[in-house]
Number of protein chains: 2
Amino acid sequence: MKLFDGGRAPNPRRVRVFLAEKGIEVPLVPVDMGANEHKQEAVSSRNPLRRLPVLELDDGTVLTETVAICRYFEELQPEPALFGKGPLGKALVEMWQRRMELNLFLPVGFAFRHLHPAMKGWEVPQIPEWGEANKPKVVEFLHLLDGELAGRRFAAGDAYSIADITGMIAIDFMKPARIEVPAECRNVRRWYGEVSARPSASA
Amino acid sequence: MKLFDGGRAPNPRRVRVFLAEKGIEVPLVPVDMGANEHKQEAVSSRNPLRRLPVLELDDGTVLTETVAICRYFEELQPEPALFGKGPLGKALVEMWQRRMELNLFLPVGFAFRHLHPAMKGWEVPQIPEWGEANKPKVVEFLHLLDGELAGRRFAAGDAYSIADITGMIAIDFMKPARIEVPAECRNVRRWYGEVSARPSASA
């Protein structure tokens with residue numbers, strides 16, 4: 001098996017952090033997104049959406065989509081459980097993974113892609129008004145998240161999960177998107193500090 | 001347990017179709033989204049994001065997010081499996097559920113919310129240029145999907161899954177969003193006709 005990796009880009013990093021938490025090593029095929037290599041044959045023949053990461057199994061089966069790749073490894077090696085345990089535990093992780101993704105990760109991505117000068121040729125058309133419209137959505141969600149994290153250690157409960165990975169990387173992504181975590185969101189800052197200090201965060 | 005339901009809106013319908021496929025009956029609490037009832041106390045106290053559907057368990061635990069609610073029922077009652085079987089089967093369903101959601105359901109929603117006159121007070125600011133930018137993304141994905149469906153019956157393989165539910169409802173949602181399935185996408189039309197003919201589609 002091999003994982004076509006995209007370096008510093010957020011989605012490839014989500015999978016690398018996940019694998020680090022699992023203690024699973026997968027051979028990486030580096031793809032230079034800065035040089036548009038993900039739009040060339042090696043990736044586009046495996047993922048017509050031309051996005052990374054892409055996992056290729058030994059029989060040639062291709063898996064794309066960050067969370068699908070993570071789930072494959074969760075099913076192969078359930079411990080430590082990063083998608084939750086039991087019906088309610090799994091549902092709560094899914095709920096928070098999705099909240100982090102739809103209300104934080106995606107809006108941060110829209111702000112970055114529609115406002116950053118370097119994204120002009122990547123996001124066509126680049127619509128600055130849409131980029132700006134996403135910034136208050138991010139801040140509003142961080143306030144909601146702050147209230148939730150007042151009562152628990154991690155995004156979905158007492159255990160670290162894929163929801164924390166998505167959230168941490170979304171907050172890292174706020175830097176190039178030029179959005180700041182509000183100073184009053186002390187619980188978000190405490191949680192972010194803790195998840196960022198895990199060895200997996202540097203994967 | 002009770003399910004706060006939003007009538008014709010796409011996400012509440014995804015859960016109702018899922019439950020119909022499972023043969024599970026859950027008491028519904030109707031919420032009139034047209035009258036903005038989802039922004040009032042009954043919903044907002046349970047889901048600060050003020051979105052539907054919302055599932056409340058008998059002990060008061062609240063689950064939100066369409067796919068998280070579906071996964072809860074999948075874990076409680078695994079058959080018929082709508083999230084796939086085995087590590088690879090589950091990963092492929094997750095991959096196609098996400099492709100349907102991120103490349104079809106969401107762009108259709110953006111086109112609807114940013115272009116339809118009735119959404120003016122709902123989507124603030126309404127950015128018509130962003131709505132228009134999503135229409136070609138939808139058409140491009142339908143061509144990709146058409147090629148995939150040439151080789152198999154359902155979105156993620158030989159078995160019907162949650163990926164088909166998300167895809168079917170996204171295509172239904174194209175009508176108010178004023179986007180048409182291209183005539184040449186014959187495999188999409190065949191698949192859509194089949195999934196729409198299932199009794200669950202009217203849930």
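Student: Is B:Arg16 buried or exposed?

Tutor: Good place to start in this predicted model, where local features need pLDDT of at least 70, side-chain atom pairs count only at pLDDT 80 or more, and totals for chains, interfaces and linings use all residues. Residues are numbered from 1 along each chain as its sequence is written, while chains are lettered from A and ligands numbered from 1 in the order in which they are written. A residue is buried if 20 or more other C-beta atoms, placed from the backbone, lie within 10 Å of its own, exposed if 12 or fewer, and partly exposed in between. B:Arg16 has 21 other C-beta atoms within 10 Å, so B:Arg16 is buried.

Student: Which helix holds B:Arg16?

Tutor: Helices are DSSP runs of H or I with at least four residues, and strands are E runs of at least two, numbered from the N terminus. The one with B:Arg16 spans residues 10–22 of chain B, and that is helix α1.

Student: How far is the C-alpha atom of B:Arg16 from that of B:Ser200?

Tutor: Along the chain, these two are 184 residues apart.

Student: Which element gives the largest share of the side of chain A that touches chain B?

Tutor: Two residues are in contact if their C-beta atoms, placed from the backbone, lie within 7 Å. By that rule, 27 residues of chain A are in contact with 27 residues of chain B. Elements giving two or more residues to chain A's side are β4, α3, α4 and α5 of chain A. The largest share, 9 residues, comes from α4(A).
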